[in-house]
Amino acid sequence: MELFWFIIIALILVVFFILDGYDFGTGIIHLFYAKKEKDKEVIAKSAGLFWDSNEVWLVAAGGLLFMAFPTFYASVFSGFYLPLILVLWLIIFRAIGLEFRSQFNFQIWKDIWDTSFGVSSLLLALFFGIALGNIVRGVNLGGFENGMSIHEPHYFFLPLWDASFSPLTTHPGVIDWFTLIIGFISVVTLAIHGANWIVLKTNSSINKKLKTVAFRLNGVLVLLTIISLISWKTINPQSFANFSDRPYLLIFPLIYLTGIIGTFFISRFKNDTIPFTFSTLIIFGGITSSLASLFPVILPSTNSIHPALTIYNTSASNYGLSVAFGWGVIGLILLLVYFIVQKRLMKGKIDDMDYGH
């Protein structure tokens, strides 16, 4: 049952980053490339019509994580308390930026909330990438130092950064040079995804330009990916051992590679769904490759005293997981129905759709 719930939660998180990821990416594009008011309005609408339904997947993932892996949930939500509060505020400002911009027809009012939407989206993409970097890098479980632990073996607490800014220090911060690299990968990936979403869902005047932007960002993504792999190998020499021990897991890096290669041919596709599909593959392949490289570990320990957190030593009882199965299936069916209905109602271009103001 542990493996079943791990796969379900991982898939729900991937779906969240694919769906709300294009909202983050739309905000980044809106911040840097939308100059005309008509473009700003329609690009904001391409995120505004979908953001609330997309975040349902994050709520579902959090609830299931609390149910299936309560020890991991408690450890992560206490250890990453500071960045989680920042993410909460960024989610709030991203949402009110979208909802408030059209309430009054004053340019200074729109500029304030456009900036709120764009900056919050950029920082959310960055912080979610940094979060993945922390999971991959690991943490000092138990706060072990000088032969003593200051926390229980499965607990930790991280400052936002420490003076060394290094992932190799005894007490690394949330932000260091390695997690920043993963954060930049997240920003670039979601910017590509957002650009493809805008082209797919709108008739914005910058759509042609956005294809060029996505192509160039894809080159940056390749460079950052190479740098991250070298860095990860430096931090953890055994980082790729899972792929040699379980060759079938190589399917996930291949999906990531397929997405990157396909995005280089973005200008050749007349069907706007295809570029969006390739950026979806990048997100899916990137997240699943990271999780597959760690499996069954879900939070590595940077010290040799306290063991890493795995899907087996952090899970609820078999009885609890079994009871949750029936209710989980019902919940997932309702979630899928909600998703399908919402996407069918919003299919096609959204330029002329009413935002509900």
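Biologist: In which helix is the place of I192, and is I192 buried or exposed?
Modeller: In this predicted model, I192 has its place in helix α8. Its relative accessible area is 0% and the cut-off for a buried residue is under 20%, so I192 is buried.

Biologist: Which residues does I192 touch, once those up to four places away in sequence are not counted?
Modeller: I192 and L168 are 24 residues apart along the chain, and their C-alpha atoms are separated by 31 Å. The residues that I192 touches, with those up to four places away left out, are A214, L217, N218, L221, T263 and S279.

Biologist: How do the axes of α1 and α8 stand to one another, roughly parallel or roughly perpendicular?
Modeller: The axes of helix α1 (residues 2-33) and helix α8 (residues 177-201) come within 6 Å and cross at roughly 85°. Since angles of 65 to 115 degrees count as roughly perpendicular, the answer for α1 and α8 is roughly perpendicular.

Biologist: Which residues make that contact, and how many of them are nonpolar?
Modeller: On the α1 side the contact is made by F17, I18, G21, Y22, F24, G25, T26, I28 and I29, and on the α8 side by V187, L190, A191, H193, G194, A195, W197 and I198. Among the residues of this contact none is charged and five are polar, while the nonpolar ones number twelve.

Biologist: How many residues are in the largest nonpolar core, and which helix gives the most to it?
Modeller: The largest nonpolar core has 95 residues, and those with the most contacts inside it are W5, F69, F72, F80, L221 and L299. With 15 residues, the helix that gives the most to this core is α8.

Biologist: Which residues does F80 touch, not counting those up to four places away in sequence?
Modeller: F80 is one of the residues with the most contacts inside the largest nonpolar core. Without counting residues up to four places away in sequence, F80 touches N134, I135, V139, F156, L158 and V174.

Biologist: Is helix α2 largely enclosed by the rest of the structure, or largely open, and what covers its buried residues?
Modeller: Helix α2 (residues 37-48) has twelve residues and reaches 16 Å from its first C-alpha to its last, close to the 16 Å expected at 1.5 Å a residue. The buried ones are D39, K40, V42, I43, A44, K45, S46, A47 and G48. Because nine of the twelve residues are buried, α2 is largely enclosed by the rest of the structure. What covers these buried residues includes α1, α3 (51-54), α6 (81-100), α7 and α8.

Biologist: How far apart are the end C-alpha atoms of helix α7?
Modeller: Helix α7 (residues 107-137) has 31 residues, which at 1.5 Å a residue should span 45 Å. Just after α7, G138 takes a positive phi of about 95°.

Biologist: Against which helices do the buried residues of α11 pack?
Modeller: Helix α11 (residues 251-263) reaches 18 Å from its first C-alpha to its last, which is close to the 18 Å expected for its 13 residues. Its buried residues are I255, Y256, G259, I260, G262 and T263. These residues pack against α8, α9 (207-235) and α12.

Biologist: Which residues does I260 touch, when those up to four places away in sequence are not counted?
Modeller: I260 has its place in helix α11 and, at 7% relative accessibility, counts as buried. I260 and F278 are 18 residues apart in sequence and 7.1 Å apart in space, C-alpha to C-alpha. Not counting residues up to four places away in sequence, I260 touches N218, L221, V222, T225 and I282.

Biologist: With which residues is S293 in contact, leaving aside its neighbours within four places in sequence?
Modeller: S293 lies in helix α12 and is buried, with a relative accessible area of 8%. With its neighbours within four places in sequence left aside, S293 is in contact with W232, S239, N242 and F243.

Biologist: Which kind of peptide bond joins F295 and P296?
Modeller: P296 is found in the loop between α12 (273-294) and β3 (297-299). With omega at about 5°, the peptide bond that joins F295 and P296 is cis.

Methods
Residues numbered from 1 in each chain as written. Predicted model: local features only at pLDDT ≥ 70, side-chain atom pairs only at ≥ 80, totals over all residues. Heavy atoms only, no water. Helix = DSSP H or I, 4+ residues; strand = E, 2+ residues; numbered from the N terminus. Axes fitted to C-alpha atoms, helices over the stretch in contact; angles between N-to-C directions. Parallel < 35°, antiparallel > 145°, perpendicular 65-115°, else oblique. Contact = heavy atoms within 4.5 Å. Nonpolar A, V, L, I, M, F, W, Y, C, P; charged D, E, K, R; others polar. Core = buried A, V, L, I, M, F, W, Y, C linked by side-chain atoms within 4.5 Å. Buried < 20%, exposed > 50% of the residue type's maximum accessible area, 1.4 Å probe, protein only.
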